[in-house]
Structure formats: structure tokens, C-alpha cells
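Thank you all for coming.

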Amino acid sequence: MHRFHSRFALLACVCLVVLATSAPAAVIRVKWDSATDGPGSTWANACHTVTAAIAAAEAGDEIWVAGDAAHPYAENIALKDGVGLYGGFAGGETTRDQRDWNTNVTILDGGSRRVVAAFNVASATTVLDGFTVRNGSDGIYCLSSSPTITNNTIAANSSRGIYCWSSSPTITNNTISGSDQGGISCWSSSPTITNNTISGNEWY
């Protein structure tokens with residue numbers, strides 16, 4: 001009987017561990033015309049800004065951002081370690097694979113400042129995926145960081161498209177164009193750069 005109880009207790013512990021490790025991350029939704037401005041647990045109560053969603057997010061969470069080329073998000077955002085930021089949603093999806101960033105163009109407009117910054121973000125699970133990043137100084141600036149930057153259009157930035165300092169980001173499947181001081185510029189860095197289209201960038 002004692003052996004039975006011991007095995008049952010062990011099985012219960014294993015089940016608890018499995019449940020704890022497989023629990024889904026929270027999803028925080030963003031849509032410019034939300035009626036409630038948060039908390040983002042559904043599309044009906046989505047946050048108005050990406051900044052607000054990042055402030056509410058914790059490591060392991062995802063932020064889903066609805067896009068419309070006529071309604072850019074005029075923001076300067078800082079990525080948070082372990083948080084995935086995904087654009088390309090229409091505003092009704094229930095799974096991430098339903099999004100289409102080519103149709104639902106999700107624009108982050110920097111207004112001449114850095115559009116996206118990653119400061120001391122070490123984890124590759126920090127993700128920027130499915131956005132148009134435009135009109136900043138640097139489109140994406142990484143300092144001592146290793147985010148995953150994928151499926152983005154990075155365009156018309158007055159300095160660099162992506163600038164890395166002491167960083168090891170993964171940069172893949174992006175289109176980078178129209179930056180005045182280079183598409184990707186790296187110093188003291190070890191980025192992984194694959195399958196990007198880089199064109200029409202100047203250096204002087």
C-alpha cells in the first residue's frame with residue numbers, strides 16, 4: 001500500500017510539472033480603433049498602442065497587433081525580453097497562423113526617432129515579426145541584445161535599417177531598403193543574417 005501511494009504521488013507530481021511547462025502564454029491584442037483600450041485579452045478589448053501592450057506583457061507572452069496601412073502606429077517601442085511581438089492581424093484571428101502581414105500591413109512609424117529598440121535583451125524568444133518599420137533614425141537598434149527579427153519590411157529610415165552593437169540577433173526573411181546609412185550595420189556583433197532582401201540603401 002505504501003508503494004502504491006508513493007507511485008501515485010510521483011505520478012501526480014509529474015502531471016503537475018507537465019501542466020506547468022505546457023501552459024499557454026498570455027496573448028495581448030492591439031488594435032488602433034479598440035473601443036476599450038485594454039486589457040487586450042480579446043480583440044473586443046484590445047489595447048490602442050503597442051507600447052501599452054508591452055508594458056503589460058511578461059516573458060513568454062505574445063502581443064498580436066492588428067494592421068491597416070491607413071492607420072500606422074506612431075510609436076517608439078522598446079522590446080521586452082522573452083516577449084513575442086507579431087503584426088499582420090486583421091483583428092479577429094484566434095491563432096497566430098491565421099495572420100497575413102502582406103494584407104494587414106502593420107506599420108510602426110518612428111517619426112524621426114528610433115522606431116524599435118532592444119536594450120540588454122538577451123533571449124532569442126524576443127521576437128519582432130510581421131511589421132513595416134519606417135521613418136525612424138535607426139529602424140531597429142540592438143544594444144547587447146539577441147532578438148529574432150523576421151518577416152519585416154524595414155524602410156525609409158534616415159540612419160540604418162538595423163543597427164547592432166555588441167549583439168547577436170537573428171535577422172531573417174526581411175526586406176530592408178531606403179536607409180541613408182546602410183541596410184544592416186554591426187559593430188562588435190555576431191548576427192545571424194539569412195534570406196533577406198537588402199537594396200537601395202546608401203552609405204556615406
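Predicted model: local features only at pLDDT ≥ 70, side-chain atom pairs only at ≥ 80, totals over all residues.

Residues are numbered from 1 along each chain as its sequence is written, and side-chain values use heavy atoms, with hydrogens and water left out.

With that in place, seven strands form an open sheet with parallel pairing, in the order S1-S2-S4-S7-S10-S13-S16. At the edges lie S1 and strand S16 (192-194), each of which pairs on one side only. From one strand to the next the twist averages 10°, where axes are lines fitted to C-alpha atoms, for helices over the stretch in contact, and angles run from 0 to 180 degrees between N-to-C directions.

Looking at the S1 side, strand S1 (residues 27-30) pairs with strand S2 (residues 62-66) in the parallel sense over four bridges, and Val30 has Val65 as its bridge partner in S2. Together with helix H2 (residues 50-56), S1 and S2 make a right-handed β-α-β unit; right-handed here means that, with the strands pointing away from the viewer, the path from the first strand over the helix to the second runs clockwise.

Now to the rings. How many aromatic pairs does the structure hold? It holds four, where rings of Phe, Tyr and Trp (its six-membered ring) pair if their centres lie within 6.5 Å, and planes under 30 degrees apart count as stacked, over 60 as edge-to-face and the rest as tilted. One of them is the tilted pair of Trp43 and Phe89, at 5.8 Å centre to centre with 50° between the planes. Because Trp43 lies in the loop between S1 and H2 and Phe89 in strand S4 (residues 84-89), this pair ties together parts that are 46 residues apart in sequence. Trp64 and Phe89, by contrast, are stacked, because their ring centres are 4.8 Å apart and their planes at 10°. Trp43, Trp64 and Phe89 form one aromatic cluster. Phe89 is buried at a relative accessible area of 0%, and Trp64 is buried at 5%, buried meaning under 20%, exposed over 50% and partly exposed in between, with a 1.4 Å probe and protein chains only.

Finally, the cysteines: taking a disulfide as a pair of cysteine sulfur atoms within 2.5 Å, the count comes to zero. Cys186 is in no disulfide, the nearest cysteine sulfur, that of Cys164, being 3.7 Å away.

Key: Pairing = 2+ DSSP bridges. Helix = DSSP H or I, 4+ residues; strand = E, 2+ residues; numbered from the N terminus.
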